[in-house]
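Visitor: I have a model to go through. Can we take it piece by piece?
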Amino acid sequence: MQELINMANTKEMDYSLAQYGGLAQFSLKNGLSGIELMICGPVDFKIYQPDFIKGVHLWFWPSWLDFWLHDRHHLYDVYQLNSIKNIYGGFKKREWLKKWQKNFSFFEKIMPQYLVFHVAEIGPAQIRNRAYRYTDADVLWAAMQLVNILPWEKYIASDCLLLFENLWWPGLNFSDFSLAYRFLEGIKRESKGFLFDVGHFLNTSMKICNEKQANIYLKKNKKLFSCLKDSVQVIHLHYSASGAYTTAVRQGKRFDADDMHYILCTDEHRPFQHEKVGWLLQELSPRFLVHEFLASDCQSIIAALQLQRKCLA
């Protein structure tokens, strides 16, 4: 099992990593095989040495199903015409697919071992109340169509894993393993699998308020993990304990006008500090373990990494 951390190439992280001597130096000094990269702009390969970029996040459109299904009534309720063009590249599927393929322009110098594809749909009005318009099956079926249309073979090596990550919104959230299994079976690519995000899975419950409750919730789902074992290639390890917050917002007892702030308060990316979670790695046997935190510099990553590693025994 290779051990990684997540990074986004923001200006702050670029500076911090350069001060550290670059990605290779940072990884080797901290006993890591490399990183999973979220690309936020042009990558400085003098800082981010390609051999240490093991995984890459693909771009994610949280709200895309209205556009895909030509549901202009709901689409125009949310976005103005100029916003639609900016977000999707135009008003037709082929224009969005062309924009989607810009994901692949980054792989001329990066040869990742896996790619991360989020399978989810969430409209702005549904983020807080969780009164979803689409079912998991709706999203999974549409995502299968999208994935099978994209020309992966033109840009990506045949042995590069295409991994589908769970969120807590409609789509891939593992509330029904049979749906997830049928989705994966329908993907026309040999090198494929799941990326199991622990924090996102915990976010499907609004009752988790501390680290102990998080571990208990995970243990209650051991049957799911036994089903997933052969399909999960990567684990994102972190936890959230935002149940009190999300419940208060849903009930109108708290108000948070900013969507991104609400999402970050829900999906906290805390390192495990006290609960032993090494059992989860034994259950799923992933090829990669990614310690995934919200950190803007190397020192913050190291501090969180040291805490979480103590819980893997």
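Visitor: Which residues are buried in helix 11?
Guide: In helix 11, residues 211–219, the buried ones are E211, A214, N215 and L218. Buried means under 20% relative accessible area, exposed over 50%, partly exposed in between, with a 1.4 Å probe and protein chains only. Helices are DSSP runs of H or I with at least four residues, strands are E runs of at least two, and both are numbered from the N terminus.
Visitor: Where do they fall, seen down the axis of helix 11?
Guide: Within an arc of 95 degrees, so the buried residues line one face of helix 11. The arc is taken from the directions from the helix axis to the C-beta atoms.
Visitor: What covers the buried residues of helix 11?
Guide: The cover includes helix 10 (198–202), helix 12 (222–228) and helix 15 (278–284). Contact here means heavy atoms within 4.5 Å.
Visitor: And what sits at the start of helix 11?
Guide: A side-chain oxygen of N210 comes to within 3.2 Å of the backbone nitrogen of K212.
Visitor: What kind of model is this, and how is it numbered?
Guide: It is a predicted model: local features need pLDDT of at least 70, side-chain atom pairs count only at pLDDT 80 or more, and totals for chains, interfaces and linings use all residues. Residues are numbered from 1 along each chain as its sequence is written, and side-chain values use heavy atoms, leaving out hydrogens and water.
Visitor: New topic. How many salt bridges does the structure hold?
Guide: Five. A salt bridge is a side-chain nitrogen of Lys or Arg within 4 Å of a carboxyl oxygen of Asp or Glu.
Visitor: Which side chain meets D66 in one?
Guide: That of R133, at 3.2 Å, N to O. D66 lies in helix 3 (residues 65–68) and R133 in the loop between strand 4 (114–118) and helix 7 (136–149), so the pair ties together parts 67 residues apart in sequence.
Visitor: Are those two buried or exposed?
Guide: D66 is buried, at 5% relative accessible area. R133 is partly exposed, at 35%.
Visitor: What else does R133 form a salt bridge with?
Guide: D71, with the closest N and O atoms 3.4 Å apart. D71 is in the loop between helix 3 and helix 4 (72–78), 62 residues from R133. Shared partners join D66, D71 and R133 into one network.
Visitor: Last one: F196, buried or exposed?
Guide: Buried, at 0% relative accessibility. F196 is in strand 6, residues 192–197. Leaving aside residues up to four places away in sequence, F196 touches several others, among them N166, F174, H236 and L284.

Definitions and conventions. A polar contact is a pair of N or O atoms within 3.5 Å; within protein, one must be able to donate a hydrogen and the other to accept it, and residues adjacent in sequence count only if both atoms are side-chain atoms.
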